[in-house]
Structures are given as structure tokens and as C-alpha cells.
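Hello,

Here is the structure for your files. My notes on its charged pairs follow below.

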Amino acid sequence: MNNLKEKIKGVLETKKSKTKVLVAVGIIGILLILLSEISFAPSKKDTEVTKTDYNAYVEQLDNKLIDLISSIEGVGRCKVMITLRSTSESIYAKNTENSQGNSSSSQNSEYVIYDGENGDSPILLQENFPDIEGVAIVCSGGDNIAVREKVIQCVSALFNISSNRISVSKLGSDNGK
């Protein structure tokens, strides 16, 4: 062990060796920086919401809304349909590099990738769920003005949509499944 320390000390004492060590450390540092910048775009599987995920999301919203609205006094049995403005949106981390010339500028972006359990994956920064476009409710108490107003206020507050995007109607006699 002492022999190794003496050799390292001897190498570092000469001026040429110090320069070689500094150059080697610098090259290694530059290589590490370059390797950390390499990334790949997320796969199509990572960026698209599948139709089953979308349908499951809408069904979950429908069921929760049915449970909530059914508990309002006078509503009775109800059916709900929620329409969404769009699908969900995933926002991934990117490295962006801007360069400017005399009369032009350019921008280069790459997704930031990490090595996960299931292979390389992009870093997800934010997942935006779809916005509610409108809600239709058909319920036993839909013909009562007071019940209709309570339902509209509840849905409007819950989804932050205006009352003109909410329809409440009476459940027909042949729809009482």
C-alpha cells in the first residue's frame, strides 16, 4: 500500500505528469457531460393515452358523479353522461439548446431519459387530465325545479363548468332499469 502511494506521489511531483493527469481528468469530465446529455424521444406507447385508459377515466367520473348526485334529496335514480374536451396530455422533461447566428436562430430539444426498472423512460413532469366539456343527467326528480337547481350547482362547482353546459332531465318511465 505504501509502495502505491509513493508511486502516485512520484508521478504527481513531476510537472509533465501533472499536466497529463489534468488533461486526462478534463477529458473524462467532458465525456461524462456528453454522455449525460444523450437522450431519446419517448416511445409512442409512452406518449399516447390508450382508448381503454380514456374510457376507464370517463367511466370512473360517471360512477362517482352518479353516487354523488343520487345522494341529493329528491334526485332518486339517475343516469349520467360526461363528455370530455380532449384526451389527457403528458408533459415530459426536455433539454433545450438555443443557438443564434447573425441573422438566424435555431432551437434543438431532446427528451430527458432515465434508466428505469422497465428500461429507458422519459421523465414525466406533469399529467393533465382532460377537461369536462358537458354533463347530461337524467334522474327521477329531474322535473322538480329545486332538485334541478341543486344538481346543476353541484356539477358546476365540482367540474368548474358553467350551468349552460349541464343538462338535467326527468328519467322516463321505461328507463327505470
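A salt bridge here is a side-chain nitrogen of Lys or Arg within 4 Å of a carboxyl oxygen of Asp or Glu. By that rule the count is 3.

Two points on the basis. This is a predicted model, so local features need pLDDT of at least 70 and side-chain atom pairs count only at pLDDT 80 or more, while totals for chains, interfaces and linings use all residues. Residues are numbered from 1 along each chain as its sequence is written, and side-chain values use heavy atoms, with hydrogens and water left out.

Now the pairs. D131 bridges to R85 at 3.7 Å, N to O. D131 sits in the loop between β7 (124-128) and β8 (132-139), and R85 in the loop between β1 (78-84) and β2 (89-92), so this pair ties together parts 46 residues apart in sequence. (Helices, H or I, of at least four residues and strands, E, of at least two are DSSP runs, numbered from the N terminus.)

R85 also meets E133, at 2.9 Å, N to O. E133 is in strand β8, 48 residues from R85.

E133 in turn pairs with R165 at 3.2 Å, N to O. R165 lies in the loop between α5 (145-159) and β9 (166-170), 32 residues from E133.

Together, R85, D131, E133 and R165 form a network of salt bridges.

On exposure: buried means under 20% relative accessible area, exposed over 50%, partly exposed in between (1.4 Å probe, protein chains only). R85 is partly exposed at 49%. D131 is partly exposed at 43%. R165 is partly exposed at 40%. E133 is partly exposed at 25%.

Best wishes
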